[in-house]
Amino acid sequence: MPKPLEYFTYRDGILSAEEVALTELAEKFGTPTYVYSKEAFLAPLRDLERGLAGLDHLVCFAVKANSNLSVLKLLAEAGAGMDLVSGGELRRALRAGADPGKLVFSGVGKSLAEIDEGLAHPLHSFNVESVVELKLLSDRAKAAGKRARVALRFNPDVDPKTHPYISTGLKKNKFGLQRAEILALLKRHEFAGVRIAGLSIHIGSQILSLSPFEDAFKKTKRMVGEIESILGSPLEFLDLGGGLGIPYRNEKPPSIEAYTKLIRKHFGPKSEIDGRYRILLEPGRTIAGNSGVLLSRVLYRKPRKTKDFVIVDAGMNDLVRPALYGSYHEIVPVEAARGKGKRRKCDVVGPVCESSDCFASDRPLADRIEGGDLVAFLSAGAYGMSMASQYNTRGRPAEVLVDGEGYRLIRKRETFEDLIGSEVFR
Ligand SMILES: *Cc1c(COP(=O)(O)O)cnc(C)c1O
C-alpha cells in the first residue's frame, strides 16, 4: 500500500474509508463506486495553507481532478479557490458555492461563449495562453465595459520528468506563451480591456522531485523582471500551477512541507523579491489523489497456464488512467484475509471490449481472490470519476463521501435512462 494512506485502512480486517467498512458501502450502493474520505481532501489543503502562512496566497483546487459538486463545496467551505478549465467547471464551482473572487479561469482554448461567461462574474483572474486569446478577451471585456485581470501563462521550457502526456511546460507542448511571445505582446498596445497583473506557470502533473519546480520558479522570476521593466509597473500575483505528485506505489514525492518551503525560499518575505507577489497554487492531484478509491467487485477469475485473468466489474470507462497513461493503481482486497497466502501473477481487467481495458498486468495477487470478492483501486480520487465515460453503454459509477462514521451518496449511479436521455430518437 502507498504509505500515507491514512484515511483508507483495514479495521477488523475490512478495508475502510475513515470509520466506514467498504463492505457496507458496496452492499448499500453497489459496485463500481468511488468512495472518498472528507478528511483526506482537507488534510493536504491544510498542509498547503500552513506551509504558505505569512505569505499572501490563494490555493485554487484544480476542478478537473475531481469535479463532484459536494467535493467542491467541501473545499470551498474550507477556504479554497478553484482553478477552472471550462465554462462547465465555472458553473460547477459557482453552483458549489465557491467565491467568484477566488476563481481562476485557465485553459488553452476558451471559446467566445466561455470568455463571455467568465467576464460575467468577478473572477480572480483569467490565465491567458495565446496572443489571439488575449485580444479576444480584451475586446469582449471592453465591449462589456470591463477590464479583466489577466495572468499570462508562461511556458518556461522545463522538463518535469513525468509521463509525456502530463508534461505541459516544455517548449514543444501546446501550453502557454514562450518568452519571446510574451515580450512581443507587451509592446503592443491593443489590449485595453485587460490588465496584465500576473504570470502563471503549470509545468506538468505527478512531478516527483523539486528540481523542475525550482527551475521553473527561477525562470519565472527572470521573466517577471523583464515583464515589469517593459510594463513599467509591478505585477500583483504569480500563479505557480499544480503538479506536485503523490505516492501511487512506492514513489517518494516531495512533501507539501518541502514544496511550500521551496516556494517561500523563492517568493517569500525573506527572498530577494520580498514576498511582494500574491502566490496562487493550482493543486489537483495533491488534494484529491489519495482521497478516494474505486470499489469494485471481482466477477470471474479465469485461470491460464502462465497467469490468471481477474475480471472486475469496473472498466476503463470508470477509471481510464491505466489505459491512458499506463499508470499504476494499487489493487487490494477489501477483506484482508483474501490477500493472505500464495500469490500468482494476474492481469486485472475490466469488461470493456478493448484490450487496453486492463488495470494491471502481471500483478502478483493472492490465490484466494476470486469471483464475488470486493477489491479497491487505491489513489483514485483524482482524474478518476472526472475522466469517466459511458463507453460500452455503461453508466458511470456512484460516488460516496465518508465523514468519520457517517457517509453520504454524492452522485447516483447512472441508469440506462440517463445514458440515452439526450439522444433524439423517434
Ligand atoms: C491540470 C491542471 C492543474 C492541476 O494539476 P495537478 O497535477 O492535478 O496538480 C493545475 N493547473 C492547470 C492549468 C491544469 O491544467
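Begin by colouring the two domains, whose bounds come from an automatic or database domain assignment: domain 1 takes in 8-37 + 290-420, and domain 2 takes in 106-283. The model is a predicted one, in which local features need pLDDT of at least 70 and side-chain atom pairs count only at pLDDT 80 or more, while totals for chains, interfaces and linings use all residues. Residues are numbered from 1 along each chain as its sequence is written, and side-chain values use heavy atoms, with hydrogens and water left out.

With both domains coloured, the C-alpha centres of domain 1 and domain 2 are 36 Å apart, and eight residues of domain 1 touch seven residues of domain 2, contact being heavy atoms within 4.5 Å.

Now show distances from the oxygen atoms of the ligand. One lies 2.3 Å from a side-chain N or O atom of serine 205, an oxygen is 2.6 Å from a side-chain N or O atom of tyrosine 383, and an oxygen is 2.9 Å from a polar backbone atom of glycine 284. On its own the ligand has 390 Å² of accessible area, and the protein covers 94% of that, as computed by the Shrake-Rupley method with a 1.4 Å probe.

Technical notes: A polar contact is a pair of N or O atoms within 3.5 Å; within protein, one must be able to donate a hydrogen and the other to accept it, and residues adjacent in sequence count only if both atoms are side-chain atoms.
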